[in-house]
Amino acid sequence: MTLRNLQHNWYSFRALRLAAIAFVLVAASGYAQTLIQTVIQRETATSLSNVVLLDAVPQTATAEIRPFHFHATDEQLADLRRRVAATRWPERETVNGAKQGVQLATMQKLAQYWATDYDWRKVEARLNALPMFVTTIDGLDIQFIHVRSKNPHALPVIITHGWPGSVIEQLKVIGPLTDPVAYGGKAEDSFDVVIPSLPGYGFSGKPTAPGWTPVTIARAWATLVQRLGYTRYVAQGGDWGNAVSEVMALLQPPGLLAIHTNMAATVPADVSKALSLGGPPPAGLSPDEKHAWDQLDDFYKNGLGYAQEMSNRPQTLYGIADSPVGLAAWMLDHDIRSYLMITRVFDGQPEGLTRDDILDNVTLYWLTNTAVSSARLYWDTTQISNGAGFFDVRGVKLPVAVSAFPDEIYQAPKTWAEKAYPKLIHYSRLPKGGHFAAWEQPELFSQELRESFRSLR
């Protein structure tokens, strides 16, 4: 395996391809960590198919950090309501339940509320009340929220969202993390919080050429933290945010102490191989491991369609850029447990999210016209992969903390986490919460971050 090929191994949702097997065996052995360090040391001046490593390309953009605010026009909001009200509906699904996808009744309830009662101005005011900024890194504007704690000894943390998320996912944890005393915590557990929008997402710039992947984003985040003046910090993420955080841990930029994940990449090589073949699970799995297998097996067989389309043909998705209801349905169909929770929300049941929470996020995508630009992250990442699974072990050697929420795509077992992360500093199997952990369960999420990094302060 050449150094160049290794760089092309990191991320792809195409976990069903047999090509994943060879890389999984290498990554699980820890050999990948040695080689990635060699790549950083020896090939930092080489462009690897539009992938740049830490310090591979000199910074030419301004380091200026500029204040940022957003205000949707009344015309934009009126056009949104008009489009929602004018939706042409298909017939009802022909089966009971969600086997054919997002159900007509759910979408009609969502559309009714969106067109008549929803108020974007509320979340817009919340966002604009926060310290928001934009800076240019590698030629692209990166927007971010940066809230400093009153505690001068606070630990900086950079938190990365995923798809179909945004900085709105983290709004509920800013207070508990920056001012833990006000939420029943201790002052010594304070964080300075940095929450960037991924390239092509939300208020960040949209790449005009291929090449923005978890590797380049990890590099950009290290630059951002450095520009903010931090010399020691931690990183957190789920979904794409986990991929970015784990790559940061592999690159080991100066000052990065550890990472926390709420969607860990811990799947062992034999499990990944069995999943890719569509066969039975390996023998000897514990109950927790068998539960994780069942979740992954269902996701790969029934829940991966959106990722495959965005990995292969993101530009084809004109419909979700033109129809707000089409966009909302596409975003709701991320994973079955999140979808079922959202269905209950629009049925009037209390859940971790509200109707406004859900529509705040969808409306942000609509107003920024980022349905397709966000999807390209899947395509760009596929271009640098030979098929390694998104949840395969990557060989992270820095300290790692894992919060395993039960309704995530899969709940990572402790046994897998201990093997995947040799320096596992915290593991917790939570009683509730799913894919959007910070958004759904901000109290539990904040407690997890405090406990995860307490030993590093």
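Buried means under 20% relative accessible area, exposed means over 50%, and partly exposed lies in between, with a 1.4 Å probe and protein chains only. All views show a predicted model, in which local features need pLDDT of at least 70 and side-chain atom pairs count only at pLDDT 80 or more, while totals for chains, interfaces and linings use all residues. Residues are numbered from 1 along each chain as its sequence is written, and side-chain values use heavy atoms, with hydrogens and water left out.

**View A. Salt bridge between R454 and D189.** The closest N and O atoms of R454 and D189 are 2.8 Å apart, and a salt bridge is defined as a side-chain nitrogen of Lys or Arg within 4 Å of a carboxyl oxygen of Asp or Glu. The pair links distant parts of the chain, 265 residues apart: R454 is in the segment after helix 20, and D189 is in the loop between helix 7 and strand 5 (191-196). Helices (H or I, at least four residues) and strands (E, at least two) are DSSP runs numbered from the N terminus. D189 counts as buried at 3% relative accessibility, whereas R454, at 42%, counts as partly exposed.

**View B. Salt bridge between R219 and D138.** The closest N and O atoms of this salt bridge are 2.1 Å apart. R219 belongs to helix 8 and D138 to the loop between strand 2 (132-137) and strand 3 (140-147); the two are 81 residues apart and link distant parts of the chain. R219 is buried at 2% relative accessibility, while D138 is partly exposed at 28%. D138 also has a positive phi of about 50°, although it is not a glycine. Most residues other than glycine have a negative phi, and most peptide bonds are trans.

**View C. Salt bridge between R121 and D74.** The side chains of R121 and D74 meet at 2.7 Å, N to O. R121 lies in helix 6 (residues 120-128) and D74 in helix 4 (residues 74-85), 47 residues apart, so the pair links distant parts of the chain. R121 is partly exposed, with a relative accessible area of 22%, and D74 counts as exposed at 54%. A search of the whole structure finds 16 salt bridges.

**View D. Packing of helix 7 against helix 20.** Helix 7 (residues 171-178) and helix 20 (residues 442-453) pack at an angle of about 45°, with their axes 9 Å apart. Axes are lines fitted to C-alpha atoms, for helices over the stretch in contact, and angles run from 0 to 180 degrees between N-to-C directions. The crossing is right-handed, a term for the near helix being turned clockwise from the far one by less than a right angle (left-handed if anticlockwise). K172, V173, P176 and L177 of helix 7 make the contact with P442, F445, S446, L449 and R450 of helix 20, contact being heavy atoms within 4.5 Å. These residues divide into 6 nonpolar, 1 polar and 2 charged. Ala, Val, Leu, Ile, Met, Phe, Trp, Tyr, Cys and Pro count as nonpolar, Asp, Glu, Lys and Arg as charged, and the others, Gly among them, as polar.

**View E. Packing of helix 14 against helix 16.** Helix 14 (residues 324-332) and helix 16 (residues 355-368) pack at about 120°, with axes 10 Å apart, and are therefore oblique to each other. Helix 14 passes helix 16 in a right-handed crossing. On the helix 14 side, P324, L327, A328, M331 and L332 meet I358, N361, V362, Y365 and W366 of helix 16. The contact residues comprise 9 nonpolar, 1 polar and no charged.

**View F. Surroundings of helix 17.** Of the 13 residues of helix 17 (residues 371-383), 10 are buried, so the helix is largely enclosed by the rest of the structure. Among the buried residues are L377, Y378 and D380. The buried residues pack against helix 8 (214-227), helix 9 (240-251), helix 12 (305-312), helix 13 (318-322), helix 14 and helix 16. In the loop between helix 16 and helix 17 lies N369, with a positive phi near 55°.

**View G. The cis peptide bond at P164.** The peptide bond from W163 to P164 is cis, with omega near 0°. P164 is placed in the loop between strand 4 (155-160) and helix 7.

Conventions. Angles under 35 degrees count as roughly parallel, over 145 as roughly antiparallel, 65 to 115 as roughly perpendicular and the rest as oblique.
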